[in-house]
Amino acid sequence: MIQKEFVPLVEDSIACCCKYFGSRIIAVYLHGSICSGDAIPGISDLDSYIVINENLTNTDKDFLQDLEWNLQKKYTIVDGVHLSVHTVDELKSDKFTRFILIHNSTLYKGTDIVRTIDSNCDNRYQADKQTAKLRL
């Protein structure tokens, strides 16, 4: 549950990404304290994981860097804005990230591609006591 004071930042950041990336966006996940409802104004940061269907270009990377900076300047309620954008292929090869996104994030927009990939993939992260402890 996103705390109400952080909703404008979350909506603005996702709207800007959706406008720029358009149909290339498959899913947007939020993780960290803003998504869990434990955010502290002025201390917490916005952590997002955006899945797209094409590789990032240098122009895309420049856009993201500028957007993060502009959002941070506009929304002083957070200590940082992190818009992490990755392709489906990157996600397919990164079983630990899929595990974290499944267990420690919230799908904010789009298709839950992480669960789809994980359920159709032999390359899954197997939970154990050490992993569970690290997640806490």
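Two strands pair if DSSP finds at least two bridges between them. Helices (H or I, at least four residues) and strands (E, at least two) are DSSP runs, numbered from the N terminus.

**Before you start.** This is a predicted model, where local features need pLDDT of at least 70, side-chain atom pairs count only at pLDDT 80 or more, and totals for chains, interfaces and linings use all residues. Residues are numbered from 1 along each chain as its sequence is written, and side-chain values use heavy atoms, leaving out hydrogens and water.

**Stop 1: the sheet.** Select the four strands. They form an open sheet in the order S3-S2-S1-S4, with mixed pairing. S3 (81–87) and S4 (105–110) are the edges; each has a single partner strand, so one side of each lacks a neighbour in the sheet. From one strand to the next, the twist averages 25°.

**Stop 2: helix H5.** Select residues 95–104. H5 packs on the sheet and touches S1, S2 and S4 (contact means heavy atoms within 4.5 Å). Its direction makes about 90° with that of S4; angles run from 0 to 180 degrees between N-to-C directions.

**Stop 3: S1 and S2.** Select residues 25–31 and 46–52. These strands pair in the antiparallel sense over six bridges. Find Tyr29: its bridge partner in S2 is Tyr49.

**Stop 4: H1 and H3.** Select H1, residues 7–21. On H1, the contact includes Leu9, Cys16 and Phe21; on H3, Phe63, Leu67 and Lys74 are among the residues.

**Stop 5: confidence.** Colour by pLDDT, the predictor's confidence in each residue, from 0 to 100. The protein chain averages 89, and 88% of the residues score at least 70. Where pLDDT is low, the predicted coordinates should not be read in detail.
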